[in-house]
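Biologist: Hi! Could you walk me through this one while I have it open?
Modeller: Happy to, here it comes.
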Amino acid sequence: MDGSQPEKTQTAKEAGWRQSRYNLSAQLPGTNKTVIVNLFRGTCAVYSPVELYLLHELPTLDETHPIIERFSKRGLIVNFDELEALKLYGHTASAGLRPVSLTICPTMACNFDCPYCYENHSTGKMSQAVQDDVVALARRMLHTFPAKLLKITWFGGEPLLAPDVIEQLSQQLITLASEQGAAYQAQIITNGYLLTQPLADLLHRCKVRSAQITLDGIGSAHDATRHLADGRPTFQRIACNLRQLNLPFTTILRQNVHQDNINQVEPLKQWVRKLAEESGNRLYYYPAPLHQTTTSHPCSTPAKLLHRSASIHVSLQKDVESFAKGRGHYCGANLLSELCVDQQGRLHKCQTDVDKPQQSFGTAAKWDPASPIQTADNPDRLTCYINALPFNQPQCLSCIWLPACAGGCPNTTLFQGKPNCLPYKDVPEQYVMALYKHMQQSVKI
Ligand code: SF4
Ligand code: SF4
C-alpha cells in the first residue's frame with residue numbers, strides 16, 4: 001500500500017454524457033428486445049432489456065462503465081451537441097473538398113410527352129459556342145474548389161436526341177479532368193426509347209457508368225404516362241432495348257409512383273429482377289414516390305398524387321436503401337459545386353428549373369465560382385438555394401428526423417412555402433422496422 005487515494009470518478013452525466021436526441025426505437029415483435037436507430041450516426045442495432053436499462057440509467061452510471069464506449073460508438077449517447085454539429089455540416093458543405101458536379105442538358109427537346117413533366121421542351125441542341133463555355137466553366141470550378149472528381153449527369157429533354165453533343169463534350173471534359181488531376185465519372189438520365197447498341201457503346205466510350213430510365217409500370221400502365229409526343233406507346237421498344245442490347249453500364253429503372261400505378265410496384269420490381277437475370281444486364285428497380293408535382297406544360301394533367309399510406313409504404317422502401325449518417329444539407333442544390341446547365345448555357349441550381357430562363361442565376365459564359373455573386377446575373381436565384389438549409393425552420397430545428405431529412409427538398413420549401421416533411425414522420429416505429437428488415441436482408445445487422 002502506498003497510501004494514495006483511488007482516483008475519484010464521476011457519473012456519466014457529470015462527465016457530459018446524455019442520450020442522443022436522434023434515437024428512434026421499436027420493440028422487436030415476439031421478443032423482449034428493442035431495435036434502436038440513431039439517425040445522426042447512421043446506426044441500427046438490437047438491444048437486450050439489460051442494455052436498455054443501462055441506457056435509461058445512463059446519468060447514474062460510472063463514467064468508466066464499459067457500456068458507455070459501446071453506446072457512444074453507435075451514437076446512442078453523446079457528449080456534444082448534435083444539432084450544432086449538423087449546423088456545422090450544413091453551413092460548411094460548400095466549403096469542403098467535394099466533387100464538381102454538372103448536370104448538362106445537350107438538348108431540351110424531347111420525343112416524349114409525359115403528363116407530369118415540368119419542362120417546356122424548347123427545340124434545338126447545345127451550340128459549339130455554349131459547349132466551349134461549359135468546358136471553360138468546368139475548368140473554373142475544378143480550379144476553384146479544387147476537386148478530385150468531375151461528375152457529369154447527361155439530362156434534358158432527352159439527351160439521346162443529341163448524342164454528338166454528348167460525344168464532343170465528353171472528350172473535352174475527360175481531357176480537362178485528366179489535366180487537372182481529377183477523376184471523371186458520368187451518368188445519363190434518358191427515357192431509353194432511342195437507345196441502340198452503337199449509342200450504348202458511345203456512352204461507354206464517354207465513361208457513362210450508370211443510366212436511369214423511367215418505367216412507370218408494365219405495358220399499358222407505363223404507356224399511360226410515358227408515351228411519345230404523338231401519343232404512341234413506348235413500353236415495348238424500351239423493354240426490347242433492355243433485353244436485347246448489351247448495356248455496358250448499370251441501369252436504374254425508376255418508377256414514378258403515383259396513385260394510378262401504385263399497383264405496379266411489386267410486379268415491376270419482379271419484372272426488372274427477371275429481365276436482369278435473362279438479359280445479363282445490370283438492371284435495378286427504384287421507386288420514386290410522387291408526393292407533389294409541378295407541371296408547366298399547358299396540355300398536361302398532373303399525375304394523381306399518392307395517398308398517405310401508399311406514400312409511406314413507397315418512401316420507406318426507397319429511403320431505407322440510402323440510410324446514412326446525418327449530413328446537414330439535402331441535395332446538390334445546397335452546394336456551390338453542383339450546377340445544372342441547359343442547352344442555352346443558362347445555369348440553374350435545381351433540375352426542375354432547367355429551361356426556365358427566369359429561374360436561372362447566370363450563364364456558363366460568365367459565372368465564376370471564385371466570385372459567385374459578382375458574376376451571377378441573378379444572385380438571389382443562387383443564394384436562395386445555397387442558403388435553403390433547415391436551420392431557419394423552427395419545426396426542423398426541434399425535429400427528431402432532422403439528420404435523415406435535412407429539411408426536405410429545398411425547391412418545395414422555397415416555392416411552396418413549407419418544408420417537405422417525410423411522409424412517415426408520424427410513424428417512427430414503421431421506419432425502424434423497415435430499416436431493420438432491410439439491414440437484416442443486407443446482412444448488415
Ligand atoms: S431542390 Fe428538390 S427538386 Fe431540386 S434537385 Fe434538390 S431535391 Fe431535387
Ligand atoms: S422537413 Fe419536416 S420531417 Fe424534415 S426535418 Fe423538417 S420538420 Fe422534420
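Biologist: Which residues are around ligand 1?
Modeller: Around ligand 1 you find Cys331, Ala333, Cys350, Gln351, Thr352, Cys409, Pro410 and Asn411. A residue counts as near a molecule if its C-beta atom, placed from the backbone, lies within 6 Å of it. Bear in mind that this is a predicted model, where local features need pLDDT of at least 70, side-chain atom pairs count only at pLDDT 80 or more, and totals for chains, interfaces and linings use all residues. Residues are numbered from 1 along each chain as its sequence is written, while chains are lettered from A and ligands numbered from 1 in the order in which they are written.

Biologist: How many residues surround ligand 2?
Modeller: There are 14, and the closest are Cys396, Cys399, Cys405, Pro419 and Cys421. Helices α12 (394-397) and α13 (402-405) are the elements giving two or more residues to this shell; helices (H or I, at least four residues) and strands (E, at least two) are DSSP runs, numbered from the N terminus. The shell around ligand 2 has nine nonpolar residues, four polar and one charged.

Biologist: Switching to the sheet, what is the strand order?
Modeller: The order is β11-β10-β9-β8-β7-β6-β12-β13-β14, nine strands in an open sheet with mixed pairing. Strands pair if DSSP finds at least two bridges between them.

Biologist: Which strands stand at the edges?
Modeller: Those are β11 (283-289) and β14 (362-363); each has a single partner strand, so one side of each lacks a neighbour in the sheet.

Biologist: In what sense do β6 and β12 pair?
Modeller: Parallel, with four bridges between β6 (residues 100-104) and β12 (residues 338-341). Ser101 stands opposite Glu338 in β12.

Biologist: Last topic, the domains: how far apart do the C-alpha centres of domain 1 and domain 2 lie?
Modeller: They lie 38 Å apart. Seven residues from domain 1 and eight residues from domain 2 make the contact, where two residues are in contact if their C-beta atoms, placed from the backbone, lie within 7 Å. The assignment gives domain 1 as 18-79 and domain 2 as 92-189 + 290-416; such bounds come from an automatic or database domain assignment.

Key:
Ala, Val, Leu, Ile, Met, Phe, Trp, Tyr, Cys and Pro count as nonpolar, Asp, Glu, Lys and Arg as charged, and the others, Gly among them, as polar.
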